[in-house]
Amino acid sequence: MRSARSLSQLIECEIIPRLMVAHVAPVIDHPPADPADVIALADLALQVEADELLSRAESLLADGMTVEGLMVDLLGPAARTLGEYWESDRCDFVDVTMGLWRLQEVVHELGVRQPGARHLPTRRALFAPMPGDQHGFGTLVLAEVFTRGGWSVERAGDASTRSLMATAAGEWFDLVGLTVSCDCHTATLPSVISGLRGVSHNPAVRVMVGGRVFADNPALATTVGADGTANDAREALLVAAALVAPADTMIDRGTSSRG
């Protein structure tokens with residue numbers, strides 16, 4: 001009986017979620033942003049103050065762009081473009097930091113001014129950049145998109161490994177998402193993911209990873225021990241839903257959390 005139950009749990013908790021993730025339909029209802037628009041926004045973030053950048057964003061919304069599309073298709077890629085400027089020595093650290101701060105201000109203001117339809121959250125997610133990673137813009141966009149998608153979200157902007165473990169141990173999260181902007185962190189990522197699973201208040205917590213490293217090589221997500229990855233926040237919402245639903249059939253929140 002134990003072997004049969006173990007096999008059943010393996011199928012329901014591991015195999016089915018991976019199949020569902022593998023068959024998540026690609027997000028095709030939004031055409032990709034024009035690369036010229038992304039570069040123009042990144043350059044603008046280096047040149048103007050946040051309020052002027054926000055005016056530009058609101059102009060795009062008035063022209064029919066959605067808030068999610070603006071965040072995922074323009075603001076996120078613009079932030080990555082600034083990172084590329086720094087790597088290629090096109091901009092110095094201060095300029096890039098200020099540009100990213102202005103983009104973050106736009107995301108914050110859009111969240112306040114364009115809150116969207118809020119739903120009673122039924123899922124909880126914790127998002128954080130990989131400890132030691134200096135770029136947390138991706139977690140900001142993830143938090144906003146998931147909140148709009150009906151999730152309750154906590155964001156740990158610059159958490160250390162110790163504080164990240166403490167947060168995962170102290171509260172129930174259905175999903176933990178780590179963003180990684182530099183491949184220099186992938187060597188320690190398996191131990192961090194394993195540690196999160198070990199201490200998580202939810203024994204069936206799902207772990208996703210994202211960022212440029214995984215966009216270039218999606219198979220790396222499995223290698224480091226994650227349950228899934230996605231190209232952007234909108235796709236991450238679909239993958240997360242597929243990952244978490246099967247776990248709900250095995251776990252009773254009230255009785256199965258770690259003591």
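This note goes through the predicted model in numbered points, from the overall fold to single residues.

1. Basis of the values. Because the model is predicted, local features need pLDDT of at least 70 and side-chain atom pairs count only at pLDDT 80 or more, while totals for chains, interfaces and linings use all residues. Residues are numbered from 1 along each chain as its sequence is written, and side-chain values use heavy atoms, with hydrogens and water left out.

2. Overall composition. The protein contains 12 helices and five strands; helices (H or I, at least four residues) and strands (E, at least two) are DSSP runs numbered from the N terminus. Of the 259 residues, 44% are buried, where buried means under 20% relative accessible area, exposed means over 50%, and partly exposed lies in between (1.4 Å probe, protein chains only). Among contacts with a separation of 6 or more, 78% involve residues 24 or more positions apart, a contact being heavy atoms within 4.5 Å.

3. Surface. The accessible surface is about 12,800 Å², and carbon and sulfur atoms account for 55% of that area. Accessible areas come from the Shrake-Rupley method with a 1.4 Å probe; for residues, only the protein chains shown count as cover. Phe93, Val94, Met98 and Trp101 make a nonpolar surface patch of about 390 Å². Patches are made of residues with over 30% relative accessible area and no salt bridge; like charges are joined within 9 Å, and nonpolar side chains (Val, Leu, Ile, Met, Phe, Trp, Tyr) within 5 Å. Valine 94 belongs to helix 5 (residues 93-113) and is exposed, at a relative accessible area of 55%.

4. Five strands form an open sheet in the order 2-1-3-4-5, with parallel pairing. Strand 2 (151-155) and strand 5 (228-229) are at the edges with a single partner strand each, so one side of each is left without a neighbour in the sheet. Two strands pair if DSSP finds at least two bridges between them. Strand 3 (residues 175-179) and strand 4 (residues 206-210) are joined in the parallel sense by five bridges, with leucine 178 opposite valine 209 of strand 4.

5. Helices on the sheet. Helix 6 (residues 137-148) packs on the sheet and touches strand 1 (123-129), strand 2 and strand 3; the direction of helix 6 makes about 160 degrees with that of strand 2. Helix 7 (residues 161-170) also packs on the sheet, touching strand 1, strand 2 and strand 3, and the direction of helix 7 makes about 175 degrees with that of strand 1. Axes are lines fitted to C-alpha atoms, for helices over the stretch in contact, and angles run from 0 to 180 degrees between N-to-C directions.

6. Strand 1 is mostly covered, with five of its seven residues buried. Strand 1 pairs with strand 2 in the parallel sense over five bridges, and phenylalanine 127 has arginine 155 in strand 2 as its bridge partner. Alanine 143, in helix 6, is buried at 14% relative accessibility. Leaving aside neighbours within four places in sequence, alanine 143 contacts Phe127, Val153 and Arg155.

7. The whole structure holds eight salt bridges, each defined as a side-chain nitrogen of Lys or Arg within 4 Å of a carboxyl oxygen of Asp or Glu. One of them joins arginine 102 and glutamate 49 (3.9 Å, N to O). Arginine 102 is in helix 5 and glutamate 49 in the loop between helix 2 (35-47) and helix 3 (50-62), so the pair ties together parts that are 53 residues apart in sequence. Arginine 102 is buried at 9% relative accessible area, whereas glutamate 49 is partly exposed at 46%. In another salt bridge, the closest N and O atoms of aspartate 73 and arginine 234 are 3.0 Å apart. This pair links helix 4 (residues 67-87), which holds aspartate 73, to helix 11 (residues 233-248), which holds arginine 234, across 161 residues. Both aspartate 73 and arginine 234 are buried.

8. Arginine 148 and glutamate 144 meet in a salt bridge (2.9 Å, N to O). These two residues are four apart in helix 6, separated by about one helical turn, and both are buried.
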